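Subject: Structure for you to look at

Hello,

Here is the structure I said I would pass on. My notes on what was found in it follow below.

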Amino acid sequence: MTRKTYKVTLCDGPTCIRNQSREIRQALEQALEKHSLSQRTEIHLSGCLGMCSKGPILIVNPGYVIYGQVTPEDMGEIVESHLAGGQPVARLIVKEDHLYNRFFRIFGDVDFFGKQMRITLRNCGIIDPENIDDYLSVRGYEALAKALTEMTPEQVISEVKKSGLRGRGGAGFPTGLKWDFTAKQPGDEKYVICNADEGDPGAFMDRSAIEGDPHTVLEGMIIGGYAVGARKGILYIRAEYPLAIQRLEIAIEAARSHGLLGERILGSDFSFDLEIRLGAGAFVCGEETALIHSIEGSRGMPRPRPPYPSVSGLFGKPTLINNVETWANIPVVVLDGGAWFSTIGTETSKGTKVFALAGKVQNTGLVEVPMGTTLREIVYDIGGGIPGGKKFKAVQTGGPSGGCLPEEYLDTQIDYESLAKAGSIMGSGGMIVIDEDTCMVNIAKFFIEFTQSESCGKCTPCREGTKRMLEILTRITQGQGKPGDIEKLERLGEMIQKASLCGLGQSAPNPILSTIKNFREEYEEHIHQKKCRAGECRALLKYTILDNCVGCGACKRACPVGAIDGTRKEKHVINQDLCIQCGQCFEVCKFNAVSKA
Amino acid sequence: MTETEQKKMEALREYMHAVKDQPHSESNLIGVLHKVQQIYGYLPREVMDEAAEILEIPTAHIWGVATFYHYFNLEPIGKHVVSVCMGTACYVKGAQGVLDALKKELGVDIGGTTADKLFTLQEARCLGACGIAPVIMVDDKIYGELDTKKTIDIINRYRKADAAETEA
Amino acid sequence: MSKTITITINHKEYQVEPNQTIMQAADKLGFHIPRLCYHPKLSIEGACRVCIVEVEGMRTYVASCAYPVSDGMKIHTNTQALRKARRDIIELILDNHPQDCHTCERDGNCELQRLAASMGIRARHFEGQRKRYEKDLSSDAVIRDPEKCILCGRCVRMCSEIQQVHNLTQAHRGFHTVVMPAYDMPMGESVCTTCGQCINVCPTAAFVEKNYTQELFEKLNDPDLVKVVQFAPSVRAAIGEAFGLEAGLNMEGPLVAALRKLGFDYVFDTQFSADLTIMEEASEFLERVQSGGTLPMITSCSSAWMKCLEQFYPDLIDNVSTCKSPMSMHGAITKTYFAQKKKLDPKKILSVAVMCCTAKKYEAARPELLVDGMRGVDLVVTTREAAWMIKSAGIDLVNIEPEEPDHPLGLSSGAGAIFGTTGGVMEAAIRTAYELYTGETLVDIEVASVRGLKGIKEGTLMMDGKEIRVAVAHGLGNAFGLLDLVRRDPEKYHFIEIMGCPGGCVGGGGQPYAQINAIPLDDEVLQKRAQALYDLDKAKTIRRSHDNPDIQKLYKEFLQSPLSPVSHKYLHTHYQAKRPVGIIPKKERKQSGAAQ
Amino acid sequence: MVSPIDMIKKKRAEAVSRIVSKGYLSTKRVYVGMATCEIAAGSKEVMAVFKDAMAKGLTDVYLSQKGCAGRCNLEPTVEVVEEGKIPVKYGKVTPERAREIVDRHLKKGEVIREWTI
């Protein structure tokens, strides 16, 4: 085998020095000399890498292999096996390497990344997603090889069960159990599906994960196929994600040409192939039975369960469906073991969760945190707090299926149960920060508008009920709320939650019910005092002309309904009965003499 | 039909004939409709009829599918498609204002095409550019950090470019 | 016998069979859970959510039509919360539905109305925007009114699963979902076969037949017209249901009397022309057998099937009998033989047909069926329309003194009667063909193999040592299955009967709506209607068409003999391939179909 | 028989050698974010600047694309990694800034502090 050239970085931080890093360097140089590699290997010293508990640290590039707690005696083996032979020394690799990988790229950005832990996104923003070599170099497809070499399908499933991994699509069903159900179904025509129909408005975790590291998802699916006995996998992805689709296509092609997909994968008896199917703009297709209908070429409408897809799914065959984030965790679970994985997170929720942090927050972006991190840590430590000195009002998780949590819930831990208890849901990972300028009635209206327009129309509660809820909310935001409206919303909401056919309908009222619960006074103000404290509901605004009006007449000319009166050079007046709150006068006044409140 | 369209249509026919004998061939319907839209920008009825015949799928079923998914256009669209992102991040940062401005400027509602066939206005869910919200996408170019004025400027730029093109 | 399991319904324990849904188990135990989108013959939709029940331990309510029972399951069907939820669901449907019950065609017969009543809805809480669509009046037979549609999806499933015509689909989505043909084409230009089964299963008036009752009342009052009516075999077996009578009563006598009271001058019977059809059809069949004509020969009585043939199976046009349907033969004879006999100007005859069928409205308008430039049948009304007219005219069908049909077009054999049920035409044809061919009397004239509700039935018959293989299909979906067999193996059968509706004409698209708590197209009801016709046959002394003296007289006085030039001119027709919008000419129709 | 594990190890070794052969061991590795969000923010134009510079003779640079690291509000991002040195991540990189990164950082080794994240 041709000998490669490597760069070796040795941590030269105080802790590592104390732990013999200088001696290690000596031993390394000697070993290199022995293998005549001195000329071909560069040794660098770095400042503290921040992994003191694992020190001394030694990093080999390319490949980002991180060795921890190495001793001078280990150098011979590392040089012989890794630098001369190309194979990293598994026993010395820092197990959490993918967690610490980030340190290579985050110096100076500790605020944003400091509290994050990257498993799903371990390679995102690090490797070239269009080059399978990059993925292979970071131990890519090793988990698959491990499963095929030394694990039975049952052992793979047992490892997934042990990890405590739960579905990242929102509902949090235990992944291992789902695999087990599918594996236990008879028959050899089975399917695995990756649900990449990410549709929450404001959520883009899956897209980023695929665009940044498509092979991880592929590897997870191939392992899944091996575990449940499927020969075919389908990636169902939104047509609105052309780059992600393109990268998946490149990845699938590359994997095929490397014998990682297709007949007899890596020389084993296991054959498996993948196909991409495109969504076409229907949020409800994130629901698994609707997704199956869509893949089958039909209208994406859910059907009652049971039978569950694990029993009767695609083309009536047992089918395993997981979402992108879930699949991306699988190679890690298999490579590092379920036991290790389960050390991350809380009692009931293991591992990490990716969130798309957006809204009124300083650092918008994609964050991955261990379960158990608090909302406060995400909003303030990672997100950098609210910009413009504004006051925090709420954080919305779970998108159109979730809820709005006010300040008193900021110390809620991120895990399935805690979020549900607080009145929201984990969801697929949208996280919107809301400040005092956002009206809670309006935000509820925004979400129900979304679900209402995405309702498939099959079941009555969702089709008709969300429409009526939207009408009531629209009325309220337009100043035509009536006493009893809140109660009607609650009554409809509870019925829709309990009686709808699928998750879309069952969760559609959540944003409304949670804002009623936590911000009832805003609803009441809208209805009874015709007031919107955030100033967002235009129809509730009152425009008045202040004393500093110079009587230029600009507002009078601009008013489309002739509601402004006044003679030139004198203070003008707005006739409130005629005013339609269009805001034109406010826009055109050069003297800030129009107030809106 | 232009020559390129014809060629593409020929390729599509071949594709349909190829998938028709595969197991679960009807499951390729949505993929076929995507290809049709790539060629024509919308789903012409004659082409749906043809797909029905080749794939042996009832036309009513194809119609049901075509109308269910919002990605599919049932009418010819304008030269440029203007999509306003209505994802939460954009919404919170003022996408509604941008949309209203566009509606007013173009004189069409969502889904509408201007009389001069230059623009079709659409709503998008999340274009994935939350960092520069609010955004619009004209064809496949994204414009971010918009307000009413910037939005109208963009539209006018396209109008100007088109006028120049017509003159030349 | 499988082991039973224990479930609890409303706090009481019951032993039930496993492998059934909560609704099925509850039905057997006497709990009728309210329902709307459910239909036992169609796939489970689970859409309306009216049949929700509470299962302890479940986070949400479950649809009892879809959810299976399991051992130890604790079910509640009538808690206060459930009642409220169901009531709200029905209210939501009503809020998006025209509030015109008083002027609606299905007032008093509407499942939604009944549900609203049973839920005790007394106020409206959520009124808002209501959908607005134009009525589609383009078809001669079936009217589509999307405003009345509550999206239960029964019609779509009926059209695609049972009839497999795939004319209807749900288009668009959410609040904007509408049931329509492809491209929102008018029904009249679509592939709709006008079978009317969508009407049969529709819980509201989203699908109704084109109503000719007002026009008919007007013409019945026209002193210049001679008013002639015929009524189909299965009308008499079903019309009683519209008057609250149990299914399967033969109402022939009362119906004749009622039609006379309505103002008809002559009340004839389509069973007469059914006999005539047999004379022609059996002769045509024998001619094909003897002279090497196209076989298998396929019957042509069902109008929905005629449209299907022209649209979907143009390659089998030569196989189909050229005989007009009994209704059209009757019309033709009325405007010729009858007119001559009574010295009437045929243009002054109003020829009306009371049919179990909506497709007959379409058939009557077919230009191929014109008789000397006139329509043979001027107006077709369904059983439902006739029932309404009788009620509206204040005629007491239940207690009326029965009467006999008029001569010369009213006398019929038992063979004519059984035309109204699946297998009946075949049985009647066998009775005559056998005797015409062999010259011997067929002893056992009841052909059991072609009776009953099995989708496709087969039988063989030995005629002078020659084996004749016959097959019968009812419902267009079954018909397509049979015809695909024929395409693959043209030698398989000699003679095939096809009826477009499930059960044959007794299950026609124009039959009375299901009564309270009954299921449209319930097999038991279909069987009772069919039995009424078989009983009628049995009770007759003349049970073979060729023994009908009035038929013999007709041939003697007018037609000469079966297949004579006169017969051909008035009793036979032709078909041509048609390609309405949205059609798919299929080599092999997909069995499963896309049910959505 | 070669086990899958052995096969993947061989593939990895080959992959590493291909990466190396493409100049990975150059002094400076430049990564340009190329996800939808980055491209929307203008990273294609930024990439073009680096490609252009290399075509015009900038040597000793290994140029690669990468996915989104999650720093949406600071996109497009460009990272310059030098072994043994603290990696530098630039945010909100415009083509103009990219040209300066080429001139000052890649050619002269100067880290442009005010643009780093």
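Helix α11 (residues 326-341) of chain C lies across β10, β11 and β13 of chain C, at about 155° to β13(C). The model is predicted: local features need pLDDT of at least 70, side-chain atom pairs count only at pLDDT 80 or more, and totals for chains, interfaces and linings use all residues. Residues are numbered from 1 along each chain as its sequence is written, and chains are lettered from A and ligands numbered from 1 in the order in which they are written.

Helices (H or I, at least four residues) and strands (E, at least two) are DSSP runs, numbered from the N terminus. Axes are lines fitted to C-alpha atoms, for helices over the stretch in contact, with angles from 0 to 180 degrees between N-to-C directions. Contact between two residues means that their C-beta atoms, placed from the backbone, lie within 7 Å.

Helix α9 (residues 270-291) of chain C also lies on these strands, across β10 (226-231) and β11, and runs at about 40° to β11(C). The sheet in question is open and has four strands in the order β11-β10-β13-β14 (chain C), with parallel pairing; two strands pair if DSSP finds at least two bridges between them. Its edge strands, β11 (266-269) and β14 (379-382) of chain C, each pair on one side only. From one strand to the next the twist averages 25°. Strand β13 (residues 349-355) of chain C runs parallel to β14(C) and is joined to it by four bridges; V352(C) has L379(C) in β14(C) as its bridge partner.

Chain A has 24 helices and 17 strands. Its C-alpha trace spans about 100 × 60 × 40 Å along the principal axes. Of the 597 residues in chain A, 61% are buried (20 or more other C-beta atoms within 10 Å of the residue's own, with C-beta atoms placed from the backbone; exposed is 12 or fewer, partly exposed in between). Among contacts in chain A between residues at least 6 apart in sequence, 71% join residues at least 24 apart.

One open sheet of chain A has five strands in the order β10-β9-β13-β11-β12, with mixed pairing. β10 (365-370) and β12 (403-406) of chain A are at the edges with a single partner strand each, so one side of each has no neighbour in the sheet. The twist here averages 30° from one strand to the next. β11 (residues 392-397) and β13 (residues 430-435) of chain A pair in the antiparallel sense over five bridges, and D435(A) in β13(A) is the bridge partner of F392(A). Helix α16 (residues 375-382) of chain A lies across β9 (352-359), β10, β11, β12 and β13 of chain A, at about 135° to β10(A).

The contact involves T460(A), P461(A), E464(A), G465(A) and R468(A) of α19(A), and I89(C), L92(C), I93(C) and D95(C) of α2(C).

Finally, chain D. Its contact with chain A takes 40 residues from chain D and 53 residues from chain A. On the chain D side, α1(D) gives the largest share, 15 residues. The contact of chain D with chain B takes seven residues from chain D and eight residues from chain B.

Regards
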